[in-house]
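Dear colleague,

I am passing on the structure below, and after it I set out what was found there. Please read the notes with the coordinates open beside them.

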Amino acid sequence: MQFEGIYPPIVTPYRADFSIDRDRFVEVAEFLVSAGVHGIIVAGTTGEYYAQSPEERVEIMGLAKEALKGRIPLIVGTGAMRTEDSVFYAEQAKAIEADAILVASPPYAAPTGRENALHALAVDRAANLPVLLYNYPGRTGAHMDEDFLDRVGRSPNFRAIKESSGDINRLHLLARDYPHIGLACGMDDQALEFFAWGARSWVCAGANFAPEAHIALWRACAVEKNFDKGRRIMSAMLPLMRVLEQDGKFVQCIKHGLSLRGLPVGPPRRPLQPLNKDEKRALAETVKVMGRAIEKIEAEG
């Protein structure tokens, strides 16, 4: 599997009592498939995997597999604090015949590059599936440094890396020195730069509720190579990206964004709290303005 296109890390819908709303999960998955995304990731940060039991995570894998019916690839997140737990999730991904796995650094432990690589390689061995790495030191406290990249690069399964460090020099390093590991955009406000440096995919939480905009930018840059058009689309999207990152309420914004599309997915699990009325209003207005701007850009060609 090669990572090409838009891959939303799907949300987990909850009812008012915080139980998983399975029917709504299937509806969201169907919405994303119909919108034309290129794959779906379960158990990403946006899916709130960190607030779920192992049983719930395994159940969601199965729900996603059944909902997608092989129409687009399913990527399963294996993130966990212990290597043993990540190995377990990798084994479960293999058991349901997922198409790939997402491998992040174990949070809080702050492993060295070598330790982090040994973790990733153990997860790789457990599944023997294509791997999308996930470098997000702001969340995990660990960095997939050059020692890490040199070690995991020995396995052909490591196909791409979602780079979410925010360090533009990392983008240059990966593109120049590790071309065998494909670039996947993991910083929304740097999407244009990622595509300019050869990224073929974008893991974007905003595509849960605005898949059309994200696909438009990917198509303009990665397919049409029209970076003038890409800059105009990116300019229209930047206000949304700023709103999504406000006060650390990323997951809440993504969930409310789906409500704006007629797919209410309930609250985030605690300790997170839903958006207030002003925040909801600001998001709705930003999405509306962005949509109009991108429609105009697309019409102009």
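What volume does the second largest pocket have? The model is a predicted one, and in it the second largest pocket has a volume of about 240 Å³. Of the 14 residues that line this pocket, Glu-212, Ala-213, Met-290, Gly-291 and Glu-295 are the closest to its centre. Helix 9 (211-223) and helix 12 (277-300) each supply at least two residues of the lining, and the largest share, eight residues, comes from helix 12. Sorted by class, the lining of the second largest pocket consists of seven nonpolar, one polar and six charged residues.

The largest pocket, for its part, has a volume of about 960 Å³. It is lined by 45 residues, and those that lie nearest its centre are Thr-45, Thr-46, Tyr-134, Tyr-136 and Arg-139. The elements that give two or more residues to this lining are helix 2 (54-68), helix 3 (83-95), strand 4 (100-104), helix 5 (137-140), helix 10 (227-244) and helix 11 (250-260). Helix 10 gives the most to the lining of the largest pocket, namely four residues. By class, the lining of the largest pocket divides into 24 nonpolar, 13 polar and eight charged residues.

The crossing in which helix 11 passes helix 12 is right-handed. On the side of helix 11 the contact is made by Cys-253, His-256, Gly-257 and Leu-260, and on the side of helix 12 by Lys-280, Leu-283, Ala-284 and Val-287. Taken by class, this contact of helix 11 with helix 12 has five nonpolar, two polar and one charged residues.

Is Gly-138 buried or exposed? Its relative accessibility is 71%, and because a residue counts as exposed when this value is over 50%, Gly-138 is classed as exposed. The C-alpha atom of Gly-138 is separated by 9.8 Å from that of Pro-107, a residue 31 positions away along the chain.

With best regards

Technical notes:
Residues are numbered from 1 along each chain as its sequence is written. This is a predicted model: local features need pLDDT of at least 70, side-chain atom pairs count only at pLDDT 80 or more; totals for chains, interfaces and linings use all residues. Side-chain values use heavy atoms; hydrogens and water are left out. On a 1 Å grid over the protein atoms alone, a cavity is a set of points where a 1.4 Å probe fits but cannot get out, and a pocket is an open set with protein on both sides within 12 Å along at least five of seven lines; lining residues have an atom within 4 Å of a point. Grid points are joined across faces, edges and corners, and a volume is the space filled by probe spheres set on the points. Ala, Val, Leu, Ile, Met, Phe, Trp, Tyr, Cys and Pro count as nonpolar, Asp, Glu, Lys and Arg as charged, and the others, Gly among them, as polar. A crossing is left-handed if the near helix is turned anticlockwise from the far one by less than a right angle, and right-handed if clockwise. Contact means heavy atoms within 4.5 Å. Buried means under 20% relative accessible area, exposed over 50%, partly exposed in between (1.4 Å probe, protein chains only).
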